[in-house]
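This briefing covers a single protein chain. The sequence and model come first, followed by notes grouped by topic.

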Amino acid sequence: MMKYLLVSLILAFAYGEGRIRLWQHYLNYKKGGLSREITETTELRDKWNDIVSQVEVLEGNWILYQHFNFKGKILIGHQGDNIAMPKGWNDILSTVEAIPDCYFENVDFPGHDTDKLEGVRSSYYCMVRCAQKEGCLSFTYEGAKQECWLKDYYKFDMAVLKNGVVSARMSCFY
């Protein structure tokens with residue numbers, strides 16, 4: 001039964017949706033200046049490329065990419081976040097992607113590890129192990145190495161793109 005529940009949840013979270021507001025410069029944010037609202041994954045190939053200094057996440061969850069084609073460093077924004085671009089990020093944002101609320105493919109949440117489990121056959125079994133561990137709030141699974149990283153935290157502001165990795169918040173599976 002649990003396996004079918006997980007499959008249903010994964011399918012339900014396959015596509016993200018939401019609203020995000022980009023501000024051209026930090027001062028414009030403070031004074032109500034030039035902004036743009038986006039409701040779907042967008043590459044900023046117009047005049048908005050490389051000019052964003054402030055981001056408001058109005059609804060949903062978003063990955064903010066440094067470069068086009070979902071490349072470069074990333075930031076993750078959750079609903080309610082108001083993100084001033086950190087050092088090195090000001091005016092370099094090129095792609096924004098609406099993401100599912102709970103299940104993140106090819107995204108690693110570094111840190112807050114409580115256990116490293118080896119020989120775990122799938123992200124499903126990693127999720128089961130997290131559910132069995134008191135205090136486990138999220139996990140990251142690396143399929144090629146069959147490694148499961150249990151974590152005691154679930155809101156991650158910084159994340160790393162990594163092929164073959166799955167990260168998820170446990171609160172979505174209860």
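A salt bridge here is a side-chain nitrogen of Lys or Arg within 4 Å of a carboxyl oxygen of Asp or Glu. By that criterion, the whole structure contains 11 salt bridges. The model is a predicted one. The structure also holds two disulfides.

**Overall make-up**

- The protein is built from three helices and 13 strands.
- It has 174 residues, of which 43% count as buried.
- Taking contacts between residues at least 6 apart in sequence, 67% join residues at least 24 apart.
- The accessible surface is about 9,400 Å², and carbon and sulfur atoms account for 51% of that area.

**Disulfide Cys126 to Cys148**

- Cys126 and Cys148 are joined by a disulfide with an S to S distance of 2.0 Å.
- This pair links distant parts of the chain, 22 residues apart: Cys126 belongs to helix H3 (residues 123-132) and Cys148 to strand S12 (residues 147-151).
- The torsion about the S-S bond of Cys126 and Cys148 is about 80°, so this disulfide is right-handed.
- Cys126 is buried because its relative accessibility is 0%, under the 20% limit.
- Cys148 is likewise buried, with a relative accessible area of 0%.

**Disulfide Cys130 to Cys136**

- The sulfur atoms of Cys130 and Cys136 lie 1.9 Å apart and form a disulfide.
- The link of Cys130 and Cys136 is left-handed, with -100° about the S-S bond.
- Cys130 has a relative accessible area of 0% and is therefore buried.
- Cys136 also counts as buried, at 7% relative accessibility.

**Salt bridges**

- Side chains of opposite charge can pair when their charged atoms come close.
- Arg21 pairs with Glu37 in a salt bridge, with 2.9 Å between the closest N and O atoms.
- Arg45 forms a salt bridge with Glu43, where the closest N and O atoms are 2.9 Å apart.
- Arg45 is exposed, at 52% relative accessible area, whereas Glu43 is partly exposed, at 24%.
- A salt bridge also connects the side chains of Lys133 and Asp115, at 2.9 Å from N to O.
- Lys133 sits in the loop between H3 and strand S11 (138-142) and Asp115 in strand S10 (residues 113-118), so their pairing ties together parts 18 residues apart in sequence.
- Lys133 is partly exposed at 34% relative accessibility, and Asp115 is partly exposed at 24%.

- Gln24 is located in the loop between strand S1 (19-23) and helix H2 (26-31).
- Gln24 counts as buried because its relative accessibility is 18%, which is under the 20% limit for that class.
- Setting aside residues up to four places away in sequence, Gln24 touches Leu34, Trp48, Ile51, Val52, Ser53 and Asp91.

Key:
Residues are numbered from 1 along each chain as its sequence is written. This is a predicted model: local features need pLDDT of at least 70, side-chain atom pairs count only at pLDDT 80 or more; totals for chains, interfaces and linings use all residues. Side-chain values use heavy atoms; hydrogens and water are left out. A disulfide is a pair of cysteine sulfur atoms within 2.5 Å. Helices (H or I, at least four residues) and strands (E, at least two) are DSSP runs, numbered from the N terminus. Buried means under 20% relative accessible area, exposed over 50%, partly exposed in between (1.4 Å probe, protein chains only). Contact means heavy atoms within 4.5 Å. Accessible areas come from the Shrake-Rupley method with a 1.4 Å probe; for residues, only the protein chains shown count as cover.
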